[in-house]
Amino acid sequence: MGTIRTILSFLFLIIFISPSLAKKCNPPSFAKVSTINNKNKVSDSKKNVFVFFDGSQSMDGYVKNQPGEKNIFIDLVDDLTQIAEIAGPTKYHRFGKRITPIDENQVVQVTKPTFYNCQAGASDCALDNQETRLDLVFKAAQAGKDSTVIIVTDLFVSSKHLVGSRRATLVRPLKDILQNGKSIGLLGVMSSFKGTIYDIPKKDGTEATYSGAKRRPFYVLIIGNDKEILDIKNKITEQTLVDYDKKNYKFSIITSNLISENLNSQKFFNNNTFSILQNTDLKVSNDINLPTYNFSISRKKKRLKFDVPLSKFLIKDSNGISEYKIVENIWSTNDCSKSWSKFKEIQYSDVSASDENLSVRLFGTKNLDKLFYGRQYFAQVSVIANKIGNNNESVFSEWDVEEQAIEDFKNTEPVDFKTLNLKKILRVLNSVAEEEFKPTLIAALNLQFDLEK
Amino acid sequence: MKIKYLIKSLIYPGIVAAVFGFLSISFSTLLFSNPEDGGVINFLANHVITGEIESQGTPFADAAGPVCNVFGYSVVTGLAITLIFGFGWVVISHFLNVDGPGKSKIYSIYWIINSAAFAGLLIILSLFVFFGGTTFLGSQFITGGGATKLTIGLLVFYVLMYYLIVLLGTARHNRSSVLLAFKLPGNL
C-alpha cells in the first residue's frame, strides 16, 4: 500500500509540478573581468609641440602657385603654426637627411620656395634636401614622450627605405611611440603643385624626374594622444579645409588603442538593453560598472541580442577592428544548495560588425533551446576587440602608386600625381600598430536566469 | 451463462497480467526510487541520456533522476493501457455474436482495430514522453536513439503481454478472429 502511495505521489509531482527555481542562487565564484579603461589619460596641461617640415626639393612645388588650382598647402601651414602654438609651446624643425631647428621667425619661409633651395655648398645641400629621413623624426618623437609632434611631408619614400635595416630604423621608434599609448594621425591633402618630383624610380634601376603634375597630395602626420590628434585634425578641417572639397583630403588614425571607452565605463547597460527581457532585475556593481541581469526566460526566446554603434566605443577614423571575440563562462545548477556546474564547451554567443554597428547575440550560436530547462544559469560574457583592422589602406589607396608602376604612371603624364609606396608605408605603420595591439575589452556583463520550457 | 464463461476465461489472462504486472510495477518502483547505479543506470547512461550533459557540465545525477521518472511513468502508463485494452477485448469477445456464416471474419476487424488502437496509444505515449516533449523534465535528456530503444522495449514487453491476454482470454467461439489462436494446444 505504501509503495502504491509513493508511486502515485511521484506521478502527481511529475505531472502537476513544473520544475522551476523560485529564488536566485548565489553566483558562482569566478575571476571578475576588469572593466577599467587602461587608456592613457590626457593631461590638461599644455604640452610641447614639435613641428617638422619636410625640406626635400620636391616640396617646393607646393608653395608655387599653379594657375587654376587652389594652393591649400600655404594656407594649411599658416593655420597649422597657429593651431600648434595654441596647443602648447612650439618648436619648429626642418628635416631631410638630418634635422635642423628653425627659428620661430623663419617659419614663414616654409611657404616660400627659397626654404627648399640650396643655401650652402651645392654638394652638401643636394644630399640634405633630396632625402626624407622620416625615421629621424620618429626617433625625435619617441624621445619627446610627453609632447605632440606634427610632421608636414610629401611622404615620398622609396622601396629601399621600407625593407631591411632601413625599415627596422623606421619601425623601432614607431613601436615605442605606440607602446607609450600614443597614436599617429595621417591627414592627406591634395594641393596644387608646380614643381619637379625627383627620384622617381625607373624599371632599369635609374631615377627620373617629372614636372607635369598640377596637383599632388601632401601629408600632415600628427603624433600624440588620440584626443590631441583629433583636436588638431578638427581645427585644420574647420579652419583651412572648411570650404575644400571633401574628396581632396583623407584622414586616418593609426593606433594600438582602438577602444576610446568601453561600454561598461559609459554605463551602456540598462533595463532596456535587451528588448525581449521584461521585468529584469538589473544590478550594476558600483566599483567596476559590471552589470548582472537577473531574469527568467523561456527557452523558446532562443537568444538575447543588443546592437551598439561602433562610434560609441571605437576611435573615429581609426583602422577599425577586423576580428571580435566573445569570451564566455557559463555555469548551471538545479539546486541552490549544490555547487554550480561549469560548462566545458563554450561556443554559445557570437558577435558581428557592419560598417555602422556591432551586434552581439548572446546564445546566438547555440540557442537557449539547446540548454536544459528547469535549471538556473549564470553566464559571464565579455566582448573583446581581438584584431586590429586596416581600413586606412582602402581610404588612401586612390593616392598610392607602387614602385613597379610609377614609371608607367609617369608616362601617362598625369595631372594629379600620386604618392610612391603610400600603401607600403601604411602597411608598415599598421603592422607596428598590430604588433603593439592587445585584445581590448569592449563590454562585459553577467546574466543569471532561470530557463523555463 | 456468458458471465460464467467470461469469469472462467479471465483466469489465464489474469495469471499473465499478474506476472507481467509484477515485473512492470517492480521495474517502475525501481525507477521511481532514483537509483544511483546498477544495470538500469548503466543502460540509461550508455544508450539513452544525451552526451550534451557532459559538455554543459551537468552532473549525471541531475539528468538520470528525471529520466528514471519519465521512464517509470511510461512503464506504469503502458501497463494501464495494456490491461484496459487486453481485458477490454476479453470481455467484449464474449458478447460478440458470430453464429452467422463469415461473421468471425468481420469480427477479426474489430480485433485488429482494438490491437491497432492499443499499439497506437503506446506509440503516442512514447512520442509524448520520450521524443522531446516538454511535459516531463527528463524528456530533454533523452536522445533520439535512446527514445527509440525505450519505445521498442515498451512495445515488445506490452504487445507480448497484450497478445497473451487476448490469446488466452478471448471467447472460444471467437478465437478465429484472434490471429493464430483458433486452436490452442492442451485444449485451453
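Among contacts in chain A between residues at least 6 apart in sequence, what percentage join residues at least 24 apart? In this predicted model, the share is 81%.

**Chain A as a whole**

Chain A has 453 residues, of which 42% count as buried, and its secondary structure comprises nine helices and 20 strands. The domain assignment divides chain A into domain 1, made up of the segments 20-39, 260-388 and 440-452, and domain 2, which covers 48-256. Taken over C-alpha atoms, the centres of domain 1 of chain A and domain 2 of chain A are separated by 46 Å. Where these domains meet, domain 1 of chain A contributes five residues and domain 2 of chain A contributes seven residues to the contact. On the side of domain 1 of chain A that touches domain 2 of chain A, the residues comprise one nonpolar, two polar and two charged.

| Helix pair | Angle | Distance between axes | Handedness of crossing |
|---|---|---|---|
| H4(A) (residues 134-143) and H5(A) (residues 164-179) | about 25° | 8 Å | left-handed |
| H2(B) and H7(B) (residues 144-169) | about 165° | 8 Å | right-handed |

Because angles under 35 degrees count as roughly parallel, H4(A) and H5(A) are roughly parallel to each other. Their contact is made, on the side of H4(A), by Leu134(A), Asp135(A), Phe138(A), Lys139(A), Ala141(A) and Gln142(A), and on the side of H5(A) by Thr169(A), Leu170(A), Pro173(A), Leu174(A), Asp176(A) and Ile177(A). Sorted by class, the residues of the contact of H4(A) with H5(A) are seven nonpolar, two polar and three charged.

For the pair in chain B, the packing angle is about 165°, and H2(B) is therefore roughly antiparallel to H7(B). Tyr12(B), Pro13(B), Val16(B), Ala17(B) and Phe20(B) are the residues of H2(B) that meet Met161(B), Leu164(B), Ile165(B), Leu168(B) and Gly169(B) of H7(B). The contact of H2(B) with H7(B) has nine nonpolar residues and one polar residue, with no charged residues.

**A residue in helix H7 of chain A**

Glu393(A) lies in helix H7 of chain A, which spans residues 391-396. Is Glu393(A) buried or partly exposed? Since a residue is buried if 20 or more other C-beta atoms lie within 10 Å of its own and exposed if 12 or fewer do, Glu393(A), with 17 other C-beta atoms within 10 Å, is partly exposed. Leaving aside residues up to four places away in sequence, Glu393(A) touches Lys423(A) and Leu426(A).

**Where chain B meets chain A**

The contact between the chains takes 17 residues from chain B and 19 residues from chain A. On the side of chain B that touches chain A, helix H2 (11-32), helix H4 (52-55) and helix H5 (60-93) of chain B each supply at least two residues, and H5(B) gives the most, with four residues. By class, the residues of that side of chain B divide into six nonpolar, nine polar and two charged.

How values were computed:
Residues are numbered from 1 along each chain as its sequence is written. Chains are lettered from A and ligands numbered from 1 in the order in which they are written. This is a predicted model: local features need pLDDT of at least 70, side-chain atom pairs count only at pLDDT 80 or more; totals for chains, interfaces and linings use all residues. Two residues are in contact if their C-beta atoms, placed from the backbone, lie within 7 Å. Ala, Val, Leu, Ile, Met, Phe, Trp, Tyr, Cys and Pro count as nonpolar, Asp, Glu, Lys and Arg as charged, and the others, Gly among them, as polar. Domain bounds come from an automatic or database domain assignment. Axes are lines fitted to C-alpha atoms, for helices over the stretch in contact, and angles run from 0 to 180 degrees between N-to-C directions. Angles under 35 degrees count as roughly parallel, over 145 as roughly antiparallel, 65 to 115 as roughly perpendicular and the rest as oblique. A crossing is left-handed if the near helix is turned anticlockwise from the far one by less than a right angle, and right-handed if clockwise.
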